[in-house]
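Subject: Structure for you to look at

Hello,

Here is the structure I said I would pass on. My notes follow below it.

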Amino acid sequence: MTELLQQLLDGLSSGLVYGMLALALSVVFQGTGMLNFAQGEMATLSAYATLVLLLAGVPFWVALGLAVLVSAAGGALIERVLVRRLEGAGELPLLTMSVALLLGLNAVMSIVWTTDPRTFPSPFGDGLMEAAGLRMTAQQVGSLITLVAVMAATALLFNRTSVGLRLRAVAQNPASATLLGQHQGRWLMAGWAIAAAVGAFGAVVAAPVLTLTPGMMTFPLLLALAAGTLGGLSSRVGAVVGGVLIGVANNLAGRYVPGLDGDLAIVAPFALTAVVVALRPAGLLGRTRTVRV
Amino acid sequence: MSEALLEARRLVARYGSVEVLHEIDLGVAAGEIVALLGANGAGKTTLLRAISRVVSTRGEMELAGVSIVGWSGARTARAGVGHVPEGRGTFLDLTVAENLRLGGLARTREQRSSARTDLDQVYATFPVLADMRRRAAGLLSGGQQQMLAIGRALMARPRLLLIDEPSLGLAPMVTRQLFDTLARIRDEWATSLLIAEQNARLSLHIADRAVILTGGRVAAAGPAASFRDGDVIKRAYLGGGTRK
């Protein structure tokens, strides 16, 4: 029993990374109605930015704060320079652009920082917490708290502020929002900025565990897409729940399903996703009606 | 006509290479209700969209004496042009209250203090919205969504309210009530109204003046009363235009 709980807990911890990334995907999706495949590489870039600041002697939380701001500015810049040109061109050019951005960012990071893995210090220390026979590292606990805090912050932003109201309005019905005096471009840009900031938190949660490489988020992004599909990308809570479920399913399958150990265990979360989508196409918590892609 | 709120001269609009509005002259005075009549495809919707600057045009257009040619849609809205679009432009996933709050976000600084009382006034004008304020707008009936769209536009305190086909998809009874409300809105909200509508009889009933479009041109314009016998209108709708 204790072992099962421990496996659940470990699965939950690895699911946090996917959940955080899925949350960023969901924010762009809700704020702009588009799926951004480059979300993971953008987050990795944030992690490198944090590392550069750390190596320059900046205290961790200041470095993180700066990296989040720079990421937000970068997200806004990407919207302004790349996405806006494709406005109205349909979903395929936008998807293609985000894949190109994924590859491009990956290449740039490889050139600047090489593909050698770099250790990324845990902001939460190397402590270990034990209770009732269960273990959690300080990094895991800190990641959980960070995820919950970021979720709460985005929920407040989207549901309780006029900025969030404008973001949702522009994503849902841009033409009507314009007639109400909202500058469409400005708010799409804000949506990208917020998602990039969320991604930066995700990267800092992931980097100490995964070790920092340019491709650090490539695989987690696939799982985050699955998480978004599983939980429902139109719901931020759904995306995070999907991420956690995927982490847990992966861990439990690896431990308890014969033949599915090691990397093979990854079949389990994708199977789970396939089953859920067959039964509920919009995902567990997603709404059936979606906005433009 | 008293002082002109909106003045359009020789307005030309095209979609691609197709010219859909040809040299339109249109004026709306402060506090006036103008009915914009015409058959399907006569250019009513395009003309409204040209006024709110989401369709670009040649020609002149002034709002209270200031040229708005070259303005963005958002800027025009903030200058006091409210637009209830065809299909109502509802934000389906937002609640009724959020839809209305959104309407008020484009207010000028001086108008912001009165947002609260304006919201109460919208609820007083459309009591059914007050009962449903927490409901997602997508769950409202067609008539309720039309009321919501008008209420949302009013929350921006427009000087000129453009309404596109308010009767579309509504039961006759609901339509009649809606037009009664529109007549009241002019006084209670101190705004001018330009109503594009296929239902000529109801529009002429509440309008001061009427402008009839045929094939993207002004076929006739004058006091609403002069059109009530229906001849000009019939010709316009049957596609004869001003030709005999």
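**Notes on the structure**

Leu204(B) is buried, because 21 other C-beta atoms lie within 10 Å (a residue is buried if 20 or more other C-beta atoms lie within 10 Å of its own, exposed if 12 or fewer, and partly exposed in between, with C-beta atoms placed from the backbone).

This is a predicted model, in which local features need pLDDT of at least 70 and side-chain atom pairs count only at pLDDT 80 or more, while totals for chains, interfaces and linings use all residues. Residues are numbered from 1 along each chain as its sequence is written, and chains are lettered from A and ligands numbered from 1 in the order in which they are written.

To stay with Leu204(B): this residue is found in helix H8 of chain B, residues 200–206. Helices (H or I, at least four residues) and strands (E, at least two) are DSSP runs, numbered from the N terminus. Leaving out residues up to four places away in sequence, Leu204(B) touches Ala35(B), Ala210(B), Ala224(B), Phe227(B) and Arg228(B); contact requires C-beta atoms, placed from the backbone, within 7 Å. From Leu204(B) to Ala39(B) there are 165 residues in sequence and 15 Å in space, C-alpha to C-alpha.

Now chain A. There are eleven helices and two strands in chain A, and along the sequence their pattern is α-α-α-α-β-β-α-α-α-α-α-α-α. The radius of gyration of chain A is 19 Å, close to the 19 Å that the globule rule gives for 293 residues, so chain A is as compact as a globular protein of that length (the radius is taken over C-alpha atoms, and the rule is 2.2 Å times the number of residues to the power 0.38). Of the 293 residues in chain A, 52% are buried.

The strands of chain A are E1 (residues 128–131) and E2 (residues 134–137), which run antiparallel and are joined by four bridges; strands pair if DSSP finds at least two bridges between them. Ala131(A) stands opposite Leu134(A) in E2(A). Two residues lie between the strands of this hairpin, and Ala132(A) takes a positive phi near 50° there.

Last, the two chains together. Here 16 residues of chain A are in contact with 21 residues of chain B. On the side of chain A that touches chain B, helix H6 (162–172) and helix H7 (174–179) of chain A each supply at least two residues. The largest share of that side, six residues, comes from H6(A).

Regards

Note on methods:
Contact = placed C-beta atoms within 7 Å.
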